[in-house]
Amino acid sequence: MPGASISRRSAQPQEKREVKFVVRAPDSNNRGRWVTVGVAFERKNGEEGFSVKLNSLPLGNWDGALILLPPFVPEGEGEPEEEQR
């Protein structure tokens, strides 16, 4: 379109924030099963609360329920323990 401006994000490097929670929603096609639909981060400005990024939205008979759970860390891949001296 002539005269239309395109909005672009600045080329500033994005700070990687640690995922504090995964966002899960019930799967309407499989009762009792929950699917991951996004993630939650601590707020950038240091205020209490979380920023939530949803990658998808549940369809079907979704009742609006979401849960936040700590990210899954496979056994043996947690934070390293301090060495004993």
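Residues are numbered from 1 along each chain as its sequence is written, and side-chain values use heavy atoms, with hydrogens and water left out. Because the model is predicted, local features need pLDDT of at least 70 and side-chain atom pairs count only at pLDDT 80 or more, whereas totals for chains, interfaces and linings use all residues.

The strands come first. Strand β1 (residues 21-26) and strand β2 (residues 34-42) run antiparallel and are joined by six bridges. Here strands are DSSP runs (E, at least two residues), numbered from the N terminus, and two of them pair if DSSP finds at least two bridges between them. Within this pairing, Val23 stands opposite Gly38 in β2. Strand β2 also pairs with β3, again in the antiparallel sense, over five bridges. In that pairing, Glu42 stands opposite Phe50 in β3.

The charged side chains are considered next. Side chains of opposite charge can pair when their charged atoms come close. The structure holds four salt bridges, each defined as a side-chain nitrogen of Lys or Arg within 4 Å of a carboxyl oxygen of Asp or Glu. Glu18, Lys20 and Glu42 are linked in a network of such bridges. Lys20 meets Glu18 with the closest N and O atoms 3.7 Å apart, and Glu42 meets Lys20 with a corresponding separation of 3.8 Å. Glu42 lies in strand β2 and Lys20 in the segment before β1, so this pair ties together parts that are 22 residues apart in sequence.

Relative accessible area classes a residue as buried under 20%, exposed over 50% and partly exposed in between (1.4 Å probe, protein chains only). Glu18 is exposed at 57%, Lys20 is partly exposed at 28%, and Glu42 is partly exposed at 45%. Another salt bridge joins the side chains of Asp27 and Arg33 at 2.8 Å, N to O. Asp27 is buried, with a relative accessible area of 17%, while Arg33 is partly exposed at 42%.

Phe50, Val52, Leu54, Leu57 and Leu66 make a nonpolar surface patch of about 440 Å². Patches are made of residues with over 30% relative accessible area and no salt bridge, nonpolar side chains (Val, Leu, Ile, Met, Phe, Trp, Tyr) being joined within 5 Å and like charges within 9 Å. Accessible areas come from the Shrake-Rupley method with a 1.4 Å probe. Leu66 is found in the loop between β3 (50-54) and β4 (67-69) and is partly exposed, with a relative accessible area of 37%.

Notes: Helices (H or I, at least four residues) and strands (E, at least two) are DSSP runs, numbered from the N terminus.
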